[in-house]
Amino acid sequence: MTKNELYALLEQKQRLFYDTADALWADPELSLSEHKATALYEKLLAELGFTVQHGLCGIETAFSGSYGSGRPVIGILGEYDALAGLSQKAGALEPCPVQDGGHGHGCGHHLLGAGSLAAAWAVKEYLAAQGPGSGTVVYYGCPGEEGGAGKAFMAREGLFYNLDAAVTWHPGTTNEVTTGTNNTSMQVEYTFHGVAAHAAGDPFNGRSALDAVEVMNLGVQFLREHIPHTDCLHYAITNTGGISPNVVQPKATVLYMVRSDTVPHNKALLARVDKIAQGAALMTETTFTRRFIDGTADLLPNATLEKALYKNLCEVPAPQYTEEEQAFAKALDATCPPTDKLPGMGAEYDTAIKKQVEELSAGGTKALNDFVMPYFHSDKQVPGSTDVGDVSWQTPTAQITTVTWPSHTPGHSWQAVSGGTCGVAHKGLLYAAKVMAATVIDLFTQPELLQKAKEEFAEASKKGYDCPIEPDAVPVPVEEML
């Protein structure tokens with residue numbers, strides 16, 4: 001089976017994957033509570049001929065679908081969780097929630113999961129034509145990327161060590177190979193326990209948990225001066241102890257996100273935050289309980305896999321947009337915050353690439369970046385965190401983005417939700433599926449390519465995977481945090 005025949009199969013089957021993405025968009029579920037999405041995907045995988053495994057690593061909304069036999073074994077990663085507070089009507093040009101306070105797919109994971117499924121199905125069709133022993137493809141249903149770190153909990157159990165390589169993608173505003181590394185991240189919840197008392201008549205017998213939270217936050221502010229520039233500290237007070245100022249608050253909770261460049265550095269920084277919590281409790285004569293929520297590792301870029309993805313990104317026919325799709329993209333793009341930054345990571349660090357991107361994007365003014373970004377490889381650290389990093393420490397891993405939104409769409413925005421079911425989004429999904437499927441086939445048919453990727457991985461990962469998830473931690477659904 002040729003790649004062109006594979007693309008034709010995907011075109012014929014495209015409606016199934018578009019409908020799958022749209023169904024998830026219409027019924028968004030938060031991290032680690034994606035029960036309807038899990039049921040839908042498991043049913044589809046079984047109908048499409050995959051062997052389904054439910055509840056991977058003890059996580060109810062984690063699953064896999066595998067097909068084939070023999071090596072290599074290639075994983076394709078899917079996600080399907082939504083974000084709280086981002087309910088939004090499709091196709092609207094202003095904030096317009098479907099449900100006040102409802103959820104929405106502001107990071108495009110409804111597209112991500114369906115696009116990865118499309119790629120896995122295409123590879124399965126290829127393997128069926130090749131016959132037994134020609135290789136194995138595994139679709140991984142990975143829950144909880146948006147707070148929950150599903151892949152990191154799965155990696156803690158060593159799930160991805162058996163793979164020869166893994167690929168994935170993410171919806172975005174550019175057709176581009178993802179490169180570089182990113183922050184590690186750990187989230188810990190601190191709940192302080194005090195003694196309630198009448199704030200006027202009996203304040204001396206009260207011990208304020210809210211005071212403890214505020215003292216902790218103050219201590220962390222002073223810590224900021226004494227940490228490397230690679231480190232970040234964020235927090236949210238999730239429980240202030242009640243709405244009555246006339247009661248000394250007996251319970252209050254603060255959630256911290258601690259970031260650094262590597263997992264060992266992050267663990268060391270988190271230990272300093274823990275000490276501040278201890279000091280705050282001592283100063284206020286309260287106690288506290290600590291709950292580890294999640295953690296993610298830094299990414300290990302793999303230039304060999306990146307170049308393989310880039311080759312197919314260029315060879316697969318790029319999406320063509322209708323006048324209606326272009327008009328909607330232009331109108332939605334006009335609602336996005338203005339920026340003078342050119343698209344793509346390469347334009348930021350490489351002068352030659354910057355010049356190319358300026359021409360291709362009309363100086364960054366195009367409403368749709370309907371071109372492939374020039375290839376750029378880097379090990380530079382970029383802001384943000386992802387649990388794909390944990391997979392990349394256990395097997396060679398690489399990913400792409402494709403255009404699913406107008407050029408200036410912010411991540412986690414109402415604009416991203418609004419455009420999530422339009423033609424541009426669907427075409428980006430299918431484009432990503434074709435690129436990933438073609439790359440996986442290259443890994444099956446070019447042993448030297450896979451071997452080179454594995455040798456690069458072995459060198460990059462020689463210090464070993466340091467799991468950011470604490471040994472006794474359990475996955476915490478985001479709904480429990482609201």
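**View A. K251 in β10 is the bridge partner of H193.** The model shown here is predicted, so local features are reported only at pLDDT of at least 70 and side-chain atom pairs only at pLDDT 80 or more, whereas totals for chains, interfaces and linings use all residues. Residues are numbered from 1 along each chain as its sequence is written, and side-chain values use heavy atoms, with hydrogens and water left out. Strands β8 (residues 184-193) and β10 (residues 251-260) are antiparallel and share 10 bridges. Helices and strands are DSSP runs numbered from the N terminus (helices: H or I, at least four residues; strands: E, at least two). Two strands pair if DSSP finds at least two bridges between them.

**View B. Four strands make an open sheet in the order β9-β10-β8-β11, with antiparallel pairing.** The edges are β9 (232-239) and β11 (287-296); each has a single partner strand, so one side of each is left without a neighbour in the sheet. On average, neighbouring strands of this sheet are turned by 20° against each other, direction ignored.

**View C. Helices α5 and α6 lie on the sheet that contains β8 and β10.** Helix α5 (residues 209-223) lies across β8, β9 and β10 and runs at about 20° to β10. Helix α6 (residues 263-284) packs on the sheet and touches β8, β9, β10 and β11, with its direction at about 15° to that of β8. Contact means heavy atoms within 4.5 Å. Axes are lines fitted to C-alpha atoms, for helices over the stretch in contact, and angles run from 0 to 180 degrees between N-to-C directions.

**View D. A mixed open sheet of seven strands has the order β1-β2-β4-β3-β5-β13-β6.** At its edges stand β1 (51-54) and β6 (176-177), each with a single partner strand, so one side of each is left without a neighbour in the sheet. Strands β3 (residues 73-78) and β5 (residues 165-172) run parallel and are joined by three bridges. In β5, A165 stands opposite I74. Helix α7 (residues 303-315) lies across β5, β6 and β13 (397-403), and runs at about 30° to β13.

**View E. Helices α3 (residues 109-130) and α13 (residues 423-445) pack at about 40°, with axes 8 Å apart.** This angle makes α3 oblique to α13. Angles under 35 degrees count as roughly parallel, over 145 as roughly antiparallel, 65 to 115 as roughly perpendicular and the rest as oblique. The two helices, α3 and α13, cross in the right-handed sense. A crossing is right-handed if the near helix is turned clockwise from the far one by less than a right angle, and left-handed if anticlockwise. Residues of α3 in the contact include L111, A114 and Y126, and those of α13 include A425, L429 and F444. The residues of the contact of α3 with α13 are 16 nonpolar, three polar and no charged. Here Ala, Val, Leu, Ile, Met, Phe, Trp, Tyr, Cys and Pro count as nonpolar, Asp, Glu, Lys and Arg as charged, and the others, Gly among them, as polar.

**View F. Helices α7 and α13 pack at an angle of about 125°, with their axes 9 Å apart.** They are therefore oblique to each other. The crossing of α7 past α13 is right-handed. L305, A308, L309, K311, N312 and L313 of α7 form the contact with Y431, V435, A438, T439, D442 and L443 of α13. Eight nonpolar, two polar and two charged residues make up the contact of α7 with α13.

**View G. Helices α1 and α3 pack at an angle of about 150°, with their axes 9 Å apart.** α1 and α3 are therefore roughly antiparallel to each other. α1 passes α3 in a right-handed crossing. Among the residues that meet are L6, L9, K13 and W25 in α1, and H110, L111, W121 and E125 in α3. The contact of α1 with α3 has 14 nonpolar, two polar and two charged residues.

**View H. R15 and D19 form a salt bridge (3.0 Å, N to O).** The two residues, R15 and D19, are four apart in helix α1 (residues 3-26), which means a separation of about one helical turn. The structure holds 22 salt bridges, each defined as a side-chain nitrogen of Lys or Arg within 4 Å of a carboxyl oxygen of Asp or Glu.

**View I. Backbone geometry at P72 and C57.** Most residues other than glycine have a negative phi, and most peptide bonds are trans. The peptide bond between R71 and P72 is cis, with omega about 5°. P72 belongs to the loop between β2 (63-69) and β3. C57 is not a glycine, yet has a positive phi of about 55°. The loop between β1 and β2 holds C57.
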